[in-house]
Structure formats: C-alpha cells, structure tokens
Amino acid sequence: MKKLPSINAVAERAGVSIATVSRVLNNSKPVGDDTRQRVEAAVAALGFRANAFGRNLARARSNLLFVLVPDVANPFYAQIVQGVESVARQRGYKIVLADTSGETAPHTTGLDALYDRLADGVISLAPLGESEPVLQELRRLPWVACSEFVPDAQVPYVSIDHRQAAIDAVQYLLNRGHRRVALIAADESFRWARQRHEGYALALERAGLAVDPALVRIAPGTDFAMGAQEAGALLSLQEPPTAVFAVSDTLAIGAIKAFRRAGRRVPQDIAVMGFDNIPLSEVFEPGLTTIGQPMRELGAAATEMLLERLAGGEPVSRTLPHTLLVRESA
C-alpha cells in the first residue's frame, strides 16, 4: 500500500510550519494569500488528504493518547507503556501505540495524529532531534517527552539522570577492582545512549584511567543478539576486558550468553553490569547487576504531565531517581 503524504511533508514543500498548514486546511486563523496558495499547491502536488472526520471534531476530544515507541518489542518500553496505560485508564483515556523504529523523523506520526485530531495528546519515547522548527511546534502542543528528551527545549519531560546512573554503574565495577572495563553502547542517535557513554568515560577519567577505544563497542540496537555479537568482538581482543558495562539489560544478557558459550564464567572470569532492570534481569541466571529505572513510574508521570497540559497547565519537567541493584553478575 502506498504511504500517504504527511502534513509535515506538505509543510516542507510549501516552506511553512505545520501549524500554518493546519490553519489553511481548517480555516482556523487568517493566512496571507501567497502563503495559502503555496500550501494549497503543495497539497495538490503531494495528493495530501486531511482527515475530514478529524476536522469536523476540531473542538471535540477523542479521549485517545498517542504513545510513540522506538521498539514495541523492547521490554523496557513495554514497562513504561504499562505505566502510561494505568494512569490513562483511571482518567478515562485509551492509548494508541505507534512503533517508530526505522523512522528518520518519528515526531511526524505524532504531529499528524494531533493535527488530524486523532489523538488529544502525545507521549514520545522516541528521539526528537534538535530541529528548532519542530521543537517550536511541540512547545505549544499537548506533547510530553519520556526518557528521551532535549534539554532546555521547553518541551516537558520526565526521565532519569542517565549520565550519573552510568557513572554509578562503572564506579561500582571500579570499586570491585576492575581496570579493563568495556562498554557495550547502543545507537547514539538516542540521547540516553550518548549520556550513558559519557558517564562511562567520566567514571574512568575520575579513576585516572584512559578510555581504550578497543573496549568500546557501539551496537546498532539493543536486541539480545546484538549484545552477544559485541561480546564476541570483545573476547577476540588480545587482552579482553575483566568487566563489561552494557547500556541496556538486553545487551547485557546477550553478552552473558556469549561469554558462557565461549566458556567464560560470569562473574568469576568477566563481570557484567546492565541498565534498566527489566523483569528478566532478576530471574535470569546469574541475576543481573544493573541500574534500576522506575519504568512504570516514568510512564505514569509522563501521562499525568500530559493530562495537566491538556487541562491548560504548565507541568514542570521531572528527573526521577535511579538505583544500583547488586545481584550475581558483577
């Protein structure tokens, strides 16, 4: 099926903001003749069809909240969504999930849902980028960022201090006597991935240790298989690490499986630290030492903030506490 053009595509072709396109389509506010003609020409050229049902309900509520999720199969995001759903249900809302994996501009899906009145508000777990025109749109819309956010963008968010959490994780390994600590990082288009990488480097620097580029592996995602793949690369080094900090539990568990297959004992031969505290991390053998994120609380807080915005309020961004959970893997 051919994908229909988005309102964002119309805005880019006409050289105007998404809000201006919406004003032209809905006749909601005066727009100059030249601007209107450019928008109408872009609409015609692209074959854009605005949602007529949504326009007719421009002043109504859908009682739907849109949740942009980078990977619906990832248990970390699943836990956050449960937190979103618990609050939404209590407040009479239902949620709609949109998997944004592979999208270069994941915010577009949420903007289309808002401008077409398919949803009352958006909770985004996807990276927003730092395009000022996009951020300008989001500031005035019922939009909240969760976990993944842009600092100082004036778009309300709830998250943890990813950099400090990573420092705490690596410091724990250093305190256990490890000096060759490897990093299995993830796609650094995500701010949380970059911040955890920064925390790793800062912890080593404070201990007087230089970052060895050979010990830093950037996985293209967070699947178990990717953790195993990067662990294999670390084992192939002439001098392998004695400890590994993985920026997600899924990467850490994949790494442990690879170490075991290679005959390495965890933690006796190599210690492994994860991040997130997904449900599997506690029941996996050995139990995964990890950084615990309050995942459901993140989702619940994001939903409360979004509902506050819908009610005309101005929620304050929040940073929730993380915890270091010591189990058997490190």
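The count of salt bridges in this model comes to nine, where a salt bridge is a side-chain nitrogen of Lys or Arg within 4 Å of a carboxyl oxygen of Asp or Glu. The model is predicted, so local features need pLDDT of at least 70 and side-chain atom pairs count only at pLDDT 80 or more, while totals for chains, interfaces and linings use all residues. Residues are numbered from 1 along each chain as its sequence is written, and side-chain values use heavy atoms, with hydrogens and water left out.

**Salt bridges**

Side chains of opposite charge can pair when their charged atoms come close. Begin by selecting Arg38 and Asp34, whose side chains meet in a salt bridge of 2.7 Å, N to O. Both residues lie in helix H3 (residues 33–46), four residues apart, which is about one turn of the helix; helices (H or I, at least four residues) and strands (E, at least two) are DSSP runs, numbered from the N terminus. Arg38 is partly exposed, with a relative accessible area of 33%, and here buried means under 20% relative accessible area, exposed over 50%, and partly exposed in between (1.4 Å probe, protein chains only).

Next select Glu239 and Arg180, which form a salt bridge with their closest N and O atoms 3.7 Å apart. Glu239 lies in the loop between helix H10 (224–235) and strand E8 (243–246), and Arg180 in the loop between helix H8 (162–175) and strand E6 (181–185), so the pair ties together parts that are 59 residues apart in sequence.

Then move to Arg265 and Asp269, whose salt bridge has its closest N and O atoms 3.1 Å apart. Arg265 is partly exposed at 49% relative accessibility, and Asp269 is partly exposed at 33%.

In what order do the six strands of the open sheet stand? The order is E2-E1-E3-E4-E5-E11, and the pairing is parallel; two strands pair if DSSP finds at least two bridges between them. Strand E2 (94–99) and strand E11 (318–319) stand at the edges, each with a single partner strand, so one side of each is left without a neighbour in the sheet.

Now select strand E4 (residues 143–146), which is covered on both faces: Trp143 and Ala145 on one side, and Val144 and Cys146 on the other, are all buried. Strand E3 (residues 121–124) runs parallel to E4 and is joined to E4 by three bridges, with Ile123 standing opposite Val144. Strand E5 (residues 157–159) pairs with E4 in the parallel sense over two bridges; Ala145 stands opposite Tyr157, and the bridge partner of Cys146 is Val158.

**Surface stops**

Finally, select Phe224, Leu280 and Val283, which form a nonpolar patch on the surface with about 260 Å² of accessible area together. Patches are made of residues with over 30% relative accessible area and no salt bridge, with like charges joined within 9 Å and nonpolar side chains (Val, Leu, Ile, Met, Phe, Trp, Tyr) within 5 Å, and accessible areas come from the Shrake-Rupley method with a 1.4 Å probe, only the protein chains shown counting as cover for residues. Leu280 has its place in helix H12 (residues 280–283).
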